[in-house]
Amino acid sequence: MTTNATTGKLTEQQEEQMVHLVRNALLVAGQEMDGDGHKGDQWPVIKSTIHAIMKDWEDLKIERNVDAELKVHLYEQIKEMEAGFPDCTPAARAVLEPKIKELREICDAYFADLNKDAVFYDEEAAPEHVKRMKAIVSTLEGEND
């Protein structure tokens, strides 16, 4: 799977494919475990893990959509406030300009792309379903060695 050449990011479609790939890998792992004498006792854990991963994905898509919509409206509102500066008295403008400038800076910071090099990911703090997913998928990897 390749990333977007200009940004180096996965597209939402590619992310969706990856989530479904993980889901399918978990299903395959469950089927493989059936042949290892587990008698189906792994399925509740696998189904719970799949459900949690799919819910995380849906929640992330909702959050992204909300942020995208919020960004449009916030910047529109800031632009409208800035457009009203000529109608303000010099005293009011002296008070409002720094506040609106600060508001724009806060919005810019909130909506800026994440610097992934500055983020530390603690494997131990990962959600339980992510840890289970890795353990389940690793069973397939171990059999292919």
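Helices here are DSSP runs of H or I with at least four residues, strands are E runs of at least two, and both are numbered from the N terminus. Now the model itself. It is predicted, so to speak of local features we need pLDDT of at least 70, and side-chain atom pairs count only at pLDDT 80 or more, while totals for chains, interfaces and linings use all residues. Residues are numbered from 1 along each chain as its sequence is written, and side-chain values use heavy atoms, with hydrogens and water left out.

Fold next. The protein has four helices and zero strands. Along the sequence the pattern reads α-α-α-α. Of the 145 residues, 21% are buried. Buried means under 20% relative accessible area, exposed means over 50%, and partly exposed lies in between, with a 1.4 Å probe and protein chains only.

How do α2 and α3 cross? Helix α2 covers residues 43-83, and its axis comes within 11 Å of the α3 axis, crossing at roughly 160°. Axes are lines fitted to C-alpha atoms, for helices over the stretch in contact, and angles run from 0 to 180 degrees between N-to-C directions. That angle makes α2 roughly antiparallel to α3. The cut-offs: under 35 degrees is roughly parallel, over 145 roughly antiparallel, 65 to 115 roughly perpendicular, the rest oblique.

On to charges. The structure holds eight salt bridges. Each is a side-chain nitrogen of Lys or Arg within 4 Å of a carboxyl oxygen of Asp or Glu. Glu82 pairs with Arg104, closest N and O atoms 2.9 Å apart. This pair links distant parts of the chain: Glu82 sits in helix α2, Arg104 in helix α3, 22 residues apart. Glu82 is partly exposed at 29% relative accessibility. Arg104, at 26%, is partly exposed too.

Asp59 bridges to Lys55, with closest N and O atoms 3.0 Å apart. They are four residues apart in helix α2, so about one helical turn separates them. Glu16, Glu58 and Lys61 form a salt-bridge network.

Last, the surface. Which residues make the nonpolar patch? Leu70, Leu74 and Tyr110, over about 260 Å². Patch residues have over 30% relative accessible area and no salt bridge; like charges are joined within 9 Å, nonpolar side chains (Val, Leu, Ile, Met, Phe, Trp, Tyr) within 5 Å. Areas come from the Shrake-Rupley method with a 1.4 Å probe; for residues, only the protein chains shown count as cover. Tyr110 lies in helix α3, residues 90-111. Its relative accessibility is 48%, so Tyr110 counts as partly exposed.
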